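Open the model in your viewer and keep the sequence panel beside it.

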Amino acid sequence: MNDQNTRVSEVGQLLKTRLNSLSNKTDILKAVELKALYDEIKTLPSQQRAAFGQAVNELKIELADLAKAATDQTSNLPPIDITAPFGPRGDKPILLPSEQGSEHPLTQELDKILDIFYRMGFSVIESPEIDDDYHMFSSLNFPLGHPARDDYDTFITTQPDKNGQPLIAPAHTSTMQNRVLTQFKDGLEKGQPIAAVIPGRVFRNEDLDARHEHTFYQLEGIYVNRGVHAGQLIATLKTFLQTYYSKELRVKTQPFYFPFTEPSFEFALSCPFCTDGCSVCSHSGWIELLGCGLIHPNVLSQAGVDISQYTGFAWGFGIERLVMMKYGIEDIRYFQSARLDFLRQF
Ligand code: DAH
């Protein structure tokens, strides 16, 4: 075989391999290597031209046939059920044997947490993992430049929202307050209170340690009706915690500040593990668990709720924190560590 023919067959091998990776198979006919072979025909002495030209043409025809066959094969594939857990390999998805996998402990616990709130009359709504400045701050009574924005430092994208502010990874699930209030406010007049819990993944610019992760989960709660007061907030949270920990607990609140509640509280419960101090409660007998308060009138009216008629309460807690306390887990970083020795305990 002379040099030119060797090159035609080398290019042929290369392009046949490339065909596999192309989604549009006929694009192979536009390959620059094929075009270069055609360009070369004109440069050859006339006695070699015919044979080389014929070899190049045969390659093109062969590639065209292969592309067509591959296209037909792709379009004849059975439709893919994108909801199948592990893809279609055979008639049925092949599931991992259940003894080789288990639900993540946070998923297991979240199911229990949501079940308790569901039984208390709350609906469950999820929050997005990318959000805008309005839902993260402005709708929650943190105007631009408000100093409390600094407490919610998070990851920022380069993509702008519709007001030209960068889209952000939300630092809390309170981003859903405005949406939930807006969506359900019409029911208030018909006597249907707004009662929702919102689990979501949230992000913070943190110095990482046993109690701080950059990515974690929160559960937000919102309740709005006529005549709602702080006593109902405390009773709701206490009932939830006693059910979750299957134990009588004492709770206490102390004043705090959040822009989106007035008054705002830090909510603590008596340590579920001891009566006179242990390492979980730092020997104080109390554990500060969450932030809560009565929803600020600016937040309600921003969502179009009539503040002369309705009041509400809200809270937000870190789900890992609750679970860590239940099982005595000492480091929040275990949850995302993919450590099987940790995960297999659940
Ligand atoms: N969003 C607050 C945080 O992440 C927690 C919180 C406090 C949520 C008070 C609330 C609330 O709904 O009323 O720090």
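Select threonine 261, which lies in strand β7. Strands (E, at least two residues) and helices (H or I, at least four residues) are DSSP runs, numbered from the N terminus. Residues are numbered from 1 along each chain as its sequence is written. The model is predicted: local features need pLDDT of at least 70 and side-chain atom pairs count only at pLDDT 80 or more, while totals for chains, interfaces and linings use all residues.

Is threonine 261 buried or exposed? Threonine 261 is buried, because 25 other C-beta atoms lie within 10 Å. The cut-offs are 20 or more such atoms within 10 Å of the residue's own C-beta for buried, 12 or fewer for exposed, and partly exposed in between, with C-beta atoms placed from the backbone.

Now show what touches this residue. Apart from neighbours within four places in sequence, threonine 261 is in contact with Gly293, Leu294, Ile295, His296 and Ala314. Contact means that the two C-beta atoms, placed from the backbone, lie within 7 Å. Then pick valine 299: its C-alpha is 8.3 Å from that of threonine 261, although 38 residues separate the two in sequence.

Next, select the ligand. Which residues are around the ligand? They are His172, Ser174, Glu220, Phe258, Thr261, Gly291, Cys292, Gly293, Ala314, Trp315 and Gly316, where near means a C-beta atom, placed from the backbone, within 6 Å. Two or more residues of this shell come from each of β8 (286-295) and β9 (310-318).

Move on to the sheet. It is open, has 7 strands with mixed pairing, and runs in the order β1-β4-β5-β9-β8-β7-β6. Two strands pair if DSSP finds at least two bridges between them. β1 (123-124) and β6 (251-256) are at the edges with a single partner strand each, so one side of each has no neighbour in the sheet. Colour β6 and β7 (residues 261-270): they pair in the antiparallel sense over 6 bridges. Within this pair, proline 255 stands opposite phenylalanine 265 in β7.

Finally, zoom out to the chain. It holds 10 helices and 9 strands. Domain 1 (3-75) and domain 2 (105-343) have bounds from an automatic or database domain assignment. Their centres, taken over C-alpha atoms, are 62 Å apart. Along its principal axes, the C-alpha trace spans about 100 × 50 × 40 Å.
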